[in-house]
Each structure stands twice: as structure tokens, then as C-alpha cells.
Amino acid sequence: MRHITVLQNEAVLELALNASSLVVDATLGSGGHSRAILEKLGKTGTYIGMDADQSAIDSAKDWIEKYKAESHLVHANFKNIDAVIKDLNLQCVDAILADLGWRIEQFEDSGKGFSFNSDDPLLMTFGNPADYAFTAGDIVNEWDEQDIANVIYGYGGERFSRRIAKAIVEYRKKQKIETAKELSEIVRNSTPSFYRKGKVNPATKTFQGLRIAVNDELSVLEEFIEKAFEALCPKGRLAIISFHSLEDKIVKECFKSYARDQVGLLVNKKPIIPTEEELRANPRSRSAKLRIIEKL
Ligand SMILES: C[S@@+](CC[C@H](N)C(=O)[O-])C[C@H]1O[C@@H](n2cnc3c(N)ncnc32)[C@H](O)[C@@H]1O
């Protein structure tokens with residue numbers, strides 16, 4: 001399965017670009033938004049594509065050349081957007097887009113334990129595991145039952161978090177939890193039968209909670225928003241697409257605070273969501289929310 005770009009036209013339209021704009025796509029991914037951005041830029045425009053995943057940068061090298069704008073591809077976490085802009089000797093930028101989350105390919109081919117039925121080790125780090133404070137394996141094998149339940153409930157929204165955490169702790173008394181498959185079996189066996197029979201894998205929320213904790217995704221997002229807003233030129237726009245209620249809450253609160261402090265203008269009062277047509281073509285877009293702020 002390949003990644004399908006979400007809210008492509010809406011997001012790029014709301015960036016209010018012209019041919020000379022200076023734009024950062026902070027989550028290049030498969031380049032769906034970036035291509036639409038580059039279509040709008042002329043020779044005097046500048047494009048910067050960032051991604052924490054080197055493979056996104058490598059594949060963009062093949063198609064970026066055909067566009068007229070000056071382009072820079074940077075392998076970096078978007079929490080370091082300030083350093084990326086500074087290294088390019090830019091004072092400020094006109095537009096920044098972040099399409100949060102990860103591409104389906106990153107889950108399927110990573111070998112890091114994101115797929116339920118894989119024999120991959122439970123890492124769940126998007127970058128090099130050596131650079132992370134802990135892995136998903138560390139959480140399930142070493143953390144207290146209560147802390148495990150808190151991660152699964154707090155970041156995954158899993159209503160059976162307590163019984164799942166209990167089952168994890170029971171299991172590890174006998175043997176270490178080594179693989180993604182082992183963990184998804186533990187979750188499956190500890191949840192009620194109606195939950196197991198649903199369309200969605202019963203381990204979905206548990207895996208999501210672990211992934212968010214390992215990659216510290218919410219703190220990274222807060223740091224990114226602060227630095228990205230700071231990096232905008234006056235009248236510059238920051239657009240963020242989120243897929244998770246906790247992420248959207250952070251975006252909403254940060255943007256609201258800029259509006260309250262009269263340093264930013266909310267471009268739309270309500271988030272932009274996919275049309276019926278997009279939902280039909282790509283059901284995975286169902287939780288997407290696009291919010292935009294303009295710097296005053
Ligand atoms: C949903 S995909 C973006 C898809 C892209 N807009 C497209 O149309 O193809 C999100 C991308 O952001 C990257 N990413 C996620 N978190 C990141 C972070 N903190 N810093 C930089 N890149 C990140 C992922 O590696 C992934 O390639």
C-alpha cells in the first residue's frame with residue numbers, strides 16, 4: 001500500500017503562495033504536497049523540503065530537479081527548523097507546511113516493530129534507536145504496570161489500557177517480550193472478544209501509544225510550532241495537518257494563543273477536513289484536520 005497525500009489542494013491553497021515565495025515543507029514524505037507547492041513557485045521562489053527519514057530525502061532527489069525554484073533538501077527533525085533556516089542564511093520564510101505522522105511504507109518496511117504481525121524487535125523509533133532515550137521494548141519490559149497503562153491510555157486512548165498493562169506484566173514475568181507479534185498477541189488475548197472481532201486490530205491503540213511515547217511526538221510538535229511561527233515573515237503562514245486528537249489539541253491551543261496575543265490571525269475558525277469525495281477515495285484521511293495561522 002502506498003501513501004496518498006491528504007488535503008493536498010486545500011493545504012497548498014491556504015499557504016497563499018506566489019511565484020517568489022520562500023516555502024518550507026517540514027514533512028516532505030512522498031512529496032505529494034511538495035510537488036503541488038513547487039508547481040506554484042517560479043525561478044525566484046525557494047523551496048526547502050525536510051524529513052526525519054533519509055529515504056524521503058533520497059527519493060525526492062529524482063524529481064526535484066524538474067522544478068524551476070531554488071530547492072534544498074534537508075534530513076532533519078522538524079523540531080530543528082530554526083537551525084535549518086539559519087544554516088541556509090534566511091531571515092524568515094513565507095510559508096511552512098507540516099503534514100504530521102508517518103507514511104504507511106514507514107510502518108510496513110521499517111523492521112522496527114510497527115506492524116502487528118511481524119517478528120521485528122519492538123523498537124518503534126523512527127530514527128536510529130541509539131539516539132532515543134528508550135524503545136517500545138524498554139517500556140513493555142521494564143516500566144511499571146501503571147506507567148505502561150498511562151502510556152497506552154494517554155497517547156493511544158485505549159479504554160482497556162489497565163488490563164492490557166496487567167497482561168504485559170504477567171507475561172514478562174515468564175519471558176521477555178521480544179517481537180511486535182508477541183505484543184499484539186498479548187493485547188489480543190487480554191481484550192474482550194467483541195474487541196477482537198472488530199475491523200481494527202485490537203493492538204492498534206496500544207501500538208500508537210507506544211510509538212508516540214518513544215518518539216516524544218507531542219513535545220516535538222510543540223517545539224516545532226513555536227520555532228516555525230517564530231521563523232515566519234510578517235504575513236507568513238503556518239499550516240498543519242494533524243491526524244490525532246492530542247496533536248490537534250496542541251495545534252489548536254498554540255494557534256489560539258497567538259491570536260489572543262494578537263501576533264497571529266486564525267485563517268479559518270474551524271479546521272478544514274477532507275471532502276466526502278476525498279474520504280471515499282482515501283478512508284485513511286478521515287481523522288485529518290488542517291489548521292492555518294497567519295503571522296501579523
Ligand atoms: C504524513 S507523511 C507526509 C506526506 C507528505 N505530505 C506527502 O504528501 O507525501 C509525514 C512525513 O513526516 C516525516 N516526519 C514525521 N515526524 C517528523 C519530524 N518530527 N521531523 C521531520 N519529519 C518528520 C515522516 O518521516 C514522513 O515522511
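How many bridges join strand β1 to strand β2, and in which direction do the two strands run relative to each other? Four bridges join β1, residues 22-25, to β2, residues 46-51, and the two run parallel; strands here are DSSP runs of E with at least two residues, helices are runs of H or I with at least four, and both are numbered from the N terminus. Within this pair, Leu22 stands opposite Thr46 in β2.

Before I go on, please keep in mind that this is a predicted model, in which local features need pLDDT of at least 70 and side-chain atom pairs count only at pLDDT 80 or more, while totals for chains, interfaces and linings use all residues. Residues are numbered from 1 along each chain as its sequence is written, and side-chain values use heavy atoms, with hydrogens and water left out.

Now to the sheet as a whole, which is open, has seven strands in the order β3-β2-β1-β4-β5-β7-β6, and shows mixed pairing, where two strands pair if DSSP finds at least two bridges between them. At its edges are β3 (70-75) and β6 (264-266), each pairing on one side only.

Helix α2, residues 32-40, packs on this sheet and touches β1, β2, β3, β4 (93-99) and β5 (232-242), contact meaning heavy atoms within 4.5 Å. The direction of α2 makes about 170 degrees with that of β1; such angles run from 0 to 180 degrees between N-to-C directions, with axes fitted to C-alpha atoms, for helices over the stretch in contact.

Let me turn to the ligand. Of the 23 residues around the ligand, Thr5, Asp51, Phe78, Asp99 and Gln106 come nearest, and a residue counts as near if one of its heavy atoms lies within 4 Å.

Looking at individual atoms, a polar backbone atom of Ser30 is 2.9 Å from an oxygen atom of the ligand, and a polar side-chain atom of Asn77 lies 3.0 Å from a ligand nitrogen atom. Both are polar contacts, that is, pairs of N or O atoms within 3.5 Å.

Technical notes. A polar contact is a pair of N or O atoms within 3.5 Å; within protein, one must be able to donate a hydrogen and the other to accept it, and residues adjacent in sequence count only if both atoms are side-chain atoms.
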